[in-house]
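This report describes how the inside of one protein model is arranged. Look at the sequence and the structure first, then read on.

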Amino acid sequence: MGHEAEPTAPNTGRMFDYWLGGSHHYPVDVAAAQAFEVVFKDFRPVFRALRDFIGRASRYIQAQGVDQFLVLGAGLPTQGNVHETVPGARVLYTDIDDSNVALGQRILAGVPGTGYTRCDATDLSTLDLGVLRQVLGPLRRLGIIVVGVEAFMTDAQVRDSFQKLHDMAPPGSYLAFDCDSPKALEHPELVRMMGPGFHMRTPAQLEAVLGPWRLTEDGIQPVAVWRNPETPASVGPYMNGGVAAKP
């Protein structure tokens, strides 16, 4: 991890990296991740399924002819994140967490066609459009990945963000999204640990916040199932997701 000072507080991006089997985390992150695992032992397979969903969604979007991607709430750009699953595409990662941004920039240093900048998914005025153009070039059609953050946004915030992304994206763009499902209520201690800002949505509730985005034919499904020919029976439907288009 280099010679920077070891952090004293855990970080969700590095915790996910630990669960995904990466190398960009510290003992403080492992301790926090293991505390969550005491309450909910399936974090590792659930987050593996979520990262695999990002990969399948990104490849689906690329197969529609899109080679420019914007990722909100990205965490760390490792372990099958977008640029690793769609080689040759240009990818701008963003996150609200400054330590994720700094570490992501170090990880991506020297990786052509990629960048990492700070952006608050609930306030897209924080997105530096100069950096967006610098990394992606003139926007033709955009693949937007917003996965792992909607559960920490209110309905109004998700609607507003998705509307602004729709306004910004050229026609022919796509949006991949997800949200935790009410199945998490089977683990009340986990929901308590997530805090009062944690929102769970059924597929119908998730579709209701999409605004002008139009769902693809696959609809909204558990992320482990979405366009997965080898659906793992072991992963419960704790998160739902899908892809929507701007025709």
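Which residues line the largest cavity?

## The cavity

The model is predicted. Its largest cavity is lined by Val46, Ala49, Pro222, Val223, Ala224, Val235, Gly236, Pro237, Tyr238 and Met239. By class, this lining has 9 nonpolar residues, 1 polar residue and no charged residues.

The volume of the largest cavity is about 50 Å³. The structure holds 1 cavity of 30 Å³ or more.

## The largest pocket

The largest pocket has a volume of about 850 Å³. Its lining is made up of 42 residues, and those nearest the centre of the pocket are Thr12, Phe16, Gly148, Val149 and Phe152. The lining divides into 29 nonpolar, 8 polar and 5 charged residues.

Four elements, namely helix 1, helix 3, strand 1 and helix 8 (188-194), each supply at least two residues of this lining. Helix 3 gives the largest share, with 6 residues.

## The nonpolar cores

The largest nonpolar core has 42 residues, and the members that touch the most others are Trp19, Ile61, Phe69, Val82, Tyr93, Ile145 and Val243. Two or more residues come from each of helix 1 (12-19), helix 2 (27-39), helix 3 (43-63), helix 5 (98-108), strand 1 (68-72), strand 2 (90-95), strand 5 (173-180) and strand 8 (239-246). Helix 3 makes the largest contribution to this core, 10 residues. Apart from this core lies another, of 32 residues, including Leu132, Val135, Leu165 and Leu175.

Neighbours within four places in sequence are left aside here, and the contacts of Val82 are then Ile54, Ser58, Phe69, Val71, Val91, Tyr93 and Ile145.

Strand 1 pairs with strand 2 in the parallel sense, over 4 bridges. Arg90 in strand 2 is the bridge partner of Gln68. Strand 1 also runs parallel to strand 4 (residues 143-146), and 4 bridges join them. Here Leu70 stands opposite Ile144 of strand 4.

Terms used
Residues are numbered from 1 along each chain as its sequence is written. This is a predicted model: local features need pLDDT of at least 70, side-chain atom pairs count only at pLDDT 80 or more; totals for chains, interfaces and linings use all residues. Side-chain values use heavy atoms; hydrogens and water are left out. A nonpolar core is a set of buried Ala, Val, Leu, Ile, Met, Phe, Trp, Tyr and Cys residues joined through side-chain atoms within 4.5 Å. Buried means under 20% relative accessible area, exposed over 50%, partly exposed in between (1.4 Å probe, protein chains only). Contact means heavy atoms within 4.5 Å. On a 1 Å grid over the protein atoms alone, a cavity is a set of points where a 1.4 Å probe fits but cannot get out, and a pocket is an open set with protein on both sides within 12 Å along at least five of seven lines; lining residues have an atom within 4 Å of a point. Grid points are joined across faces, edges and corners, and a volume is the space filled by probe spheres set on the points. Ala, Val, Leu, Ile, Met, Phe, Trp, Tyr, Cys and Pro count as nonpolar, Asp, Glu, Lys and Arg as charged, and the others, Gly among them, as polar. Two strands pair if DSSP finds at least two bridges between them.
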